[in-house]
Amino acid sequence: MTTEITFQDLPEAVILNIFSFVAGERIYNLFRLRCVCKKWSRLSRDSSLWEKLHFPNCEGLRYEALNHVLSWCGNIKEVILSNCSQVNDSCVELIAKKCRNLEILDLKGCRLLSDQGLKVILKNCRFLRDLKVTVYKTNVTCNVLKDLITSCKSLQELTVTCEKEEGSVQSYFFLTNQFFTAAKGSDSLKRIYFHGAGIFDEEDLISDSNMFNFLSIGLPCCMELNSNVLCEFICSSPKLQSLDVSFCPSINDAGIAIVAQVCPNLLQLIAEGCPCITDVSIETLAEHCKKLQCLNVCGCELPRPAGNITDVAIQRIAENCPDLHQLNVKWCQGVTDIGIAAIATNCEKLHGLNICGCLGISDVSLKLLATFCKCLKSLEISECLRVTDGSINDILQNCKNLECLDMQVCSYVSDLDFNSVKNSLIFLHHVDLSYCTKLTDKTLKQLAKNCPRLKYLCVAGCHRITDSGIISITHSCNKLQYLDVSFRGSQSCAQITSNSVFSLAENCPNLTYLDAFGCFGVDEASIYSLVKSCRYLKQVNFSQFTEEMHSQLLLRITKFISRARSSCHYEEMTSSPRGRKLVQKNFMIKMSSPNLRNRSKSCNLIGS
C-alpha cells in the first residue's frame, strides 16, 4: 500500500519555488501564506522571495508597515511603490539604508518625495540602474538629479513626471545646463524621460563637442520644446533609437526631418498630438529610418478635410520600413483602406494597429490584415463605422496571437462567429465591445468558451446583453479584473441584475473595477457580496432607481465597506432616465486595499 504524499512532504526548495510563483502574481499573497502554519510562516520570510518588493497603488502603505517588511529582506534589488500616496522621505531613506544593492526604484506618483529623500538614495544606492520619480510643485529640483547621475555610475534610465496644480500651466521643474553636462559625462545613462518639464531656449543649452549616450529620449508635454531645441538634443545624440515628443505643439516638420537625417537607427517615433507634423516629415522619416518599428502620429490633425497625415505618407512607410511592428494613426482622417492595405501587404511583422476614428477604413483593408499580418496582437478600430463582423471574424480566425481587440461603436458589427476558431484566442485578454448595439449574449458565450484569459471586458451600451451572457463570462473567465456593463446619460437597462453581480463575487476574485451605471436590477445585497469576496476591488459604480431617494442606502454601503477597507469615498450624480418617472441616482464608490490598520493580523498588513 502506497503512502499518500501531501504538500507538507515536499522539499522546502520545491515549496519555495511554488511560493515564488504566488509572490510573482501579487507579492502580498506572501502575507496570507504566513497565516497557514508555522512552517509556511517561516518559509514565506525567506529572502529569496523578497528580492522584488512590489506594492503599487497601495494607499495605506506607511513607514511602519514598510519597516516591518524590510526587516525580513536583506537583498532587495527592485522596489515598486508607484502611486503610494503615503510614501514620503522617511520611507525612501529607510529603503536606501536597508537596500544597499537596490537596482530599480519606482516612486512615480509619490508626491511627498523631496530632494531630502533622493540625496539619501544617491549616497547609499550606488548600483541603482532605473529610477522613476514624480515632481510635484518644487519638491524635487534638477540639481539633485544632476548629483544622482554623477554619483550612481550604473544609472541607465531616469524617468521624471512633473505634476502641476490643477488648472495651472506653469512648469515648476526646469532642466538646467548643469544637468546636461552631467548627462553628457555619464557613460551609463541611456534613457531619459521628462514628462511636462520646462525646457530652456536653445541659447541656454550646452553646445560643446561632447555627445550624449542616449538611446531613448522622452519629452512629452514639454510646452517650451520647439524644433530648434529638439535639434540641439538630436545633433548630440546620433545613437538615438527612440524619441517621444507627444503633445509638444511647437514640434513641426523641420524638427522631425532633422531627427530622421541625424538618427538613421531610429526604431520608434511617438509624436502624438503634434498638430504641425504632416506627410512631409513622415516621408522623410521613411526615406532615412528604414529600421523603424514603431510610429505613433495619433491626432496630428489641423482642421483640414483630408488631415495632416494621409495615405501618401503611410504608403511610403509601408514601402521602406518592412520591420514596422506598431502603427497608430488614430483620428487621422486622411488614412483610408489604401494606406492600411499597403501596411498589411508590406509589413507582415505588424503587432499593433490603431486606426480608431479613421472613417475611410472598411472590411477591405481588415481582410488583408487577417491574411498577411498573422502576428497581430492588438487591433483598435473604434468608430470605424464601415467595418462589419465579416472582417472581424477573419481576424479572429487567422490572428492566433491576438491579445487586445477594441471595436467601440462599430454599429454594423453583429454577433461574432467563433465556430471556425479552434483554440486560437487563448491569449485574448482585453475586449472592448461598447456600443456595438447589435451584439447579443451569443457573442459573450463564445468569448467565455474561447478566451479563458480574459481580464478586461467592456459591453457598455449593449442593450441586448443580459445576465445570461455575463454569467457565462464569470464562470469561464475567473481572471476577470475589469467589467463595464453601464448605460450612460438617459439610458438604462433591466436585463443586467444582481444575478450577474453575485456570480462575479463568486467566480472572479481578482475583480478590481465594476461599472453598472444604469443597471437598476443591481441591489444592495449584491454590492455587499462583491466587496466582501473581491479583495482587490477598487471601484464600483451602480445606480438606484426610486420614486423617492432612500437616503440611508449610501450610508449603509459605505459603512460596510469602511469596515473591510482602509479608506472609502464616493461621488453621486442624479439624473432622470428618458421616458421614466423614476429618479436615477448614480453612485461611484472608490475604495483602497483591505484594512491595514490592524497590524496584529499579518495577512492584512499590506493590501493591494
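The accessible surface of the protein comes to about 25700 Å², and carbon and sulfur atoms account for 50% of that surface. The model is predicted. The protein has 608 residues, and 53% of them count as buried.

**Overall build**
- The protein contains 20 helices and 23 strands.
- Take the contacts in the protein with a separation of 6 or more: 79% of them join residues 24 or more positions apart.

**How helix pairs are described**
- Two packed helices are described by two values: the angle between their axes and the distance between the axes.

**Helices α11 and α12**
- Helix α11 covers residues 279-288, and helix α12 covers residues 311-320.
- Their axes come within 9 Å and cross at roughly 5 degrees.
- Angles under 35 degrees count as roughly parallel, so α11 is roughly parallel to α12.
- On the α11 side, the contact uses Asp279, Ile282, Glu283, Ala286 and Glu287.
- On the α12 side, their partners are Val312, Ala313, Arg316, Ile317 and Asn320.
- The residues of this contact divide into 5 nonpolar, 1 polar and 4 charged.

**Helices α18 and α19**
- Helix α18 spans residues 498-507, and helix α19 spans residues 524-533.
- The two axes come within 8 Å and cross at roughly 15 degrees.
- α18 and α19 are therefore roughly parallel to each other.
- The crossing of α18 and α19 is left-handed.
- Ser498, Val501, Phe502, Leu504 and Ala505 are the α18 residues in the contact.
- They meet Ala525, Ser526, Ile527, Ser529, Leu530 and Ser533 in α19.
- The contact of α18 with α19 has 7 nonpolar residues, 4 polar and no charged.

How values were computed: Residues numbered from 1 in each chain as written. Predicted model: local features only at pLDDT ≥ 70, side-chain atom pairs only at ≥ 80, totals over all residues. Heavy atoms only, no water. Helix = DSSP H or I, 4+ residues; strand = E, 2+ residues; numbered from the N terminus. Buried < 20%, exposed > 50% of the residue type's maximum accessible area, 1.4 Å probe, protein only. Contact = heavy atoms within 4.5 Å. Areas by Shrake-Rupley, 256 points an atom, 1.4 Å probe, with all protein chains shown as cover. Axes fitted to C-alpha atoms, helices over the stretch in contact; angles between N-to-C directions. Parallel < 35°, antiparallel > 145°, perpendicular 65-115°, else oblique. Nonpolar A, V, L, I, M, F, W, Y, C, P; charged D, E, K, R; others polar. Left-handed = near helix turned anticlockwise from the far one by under 90°.
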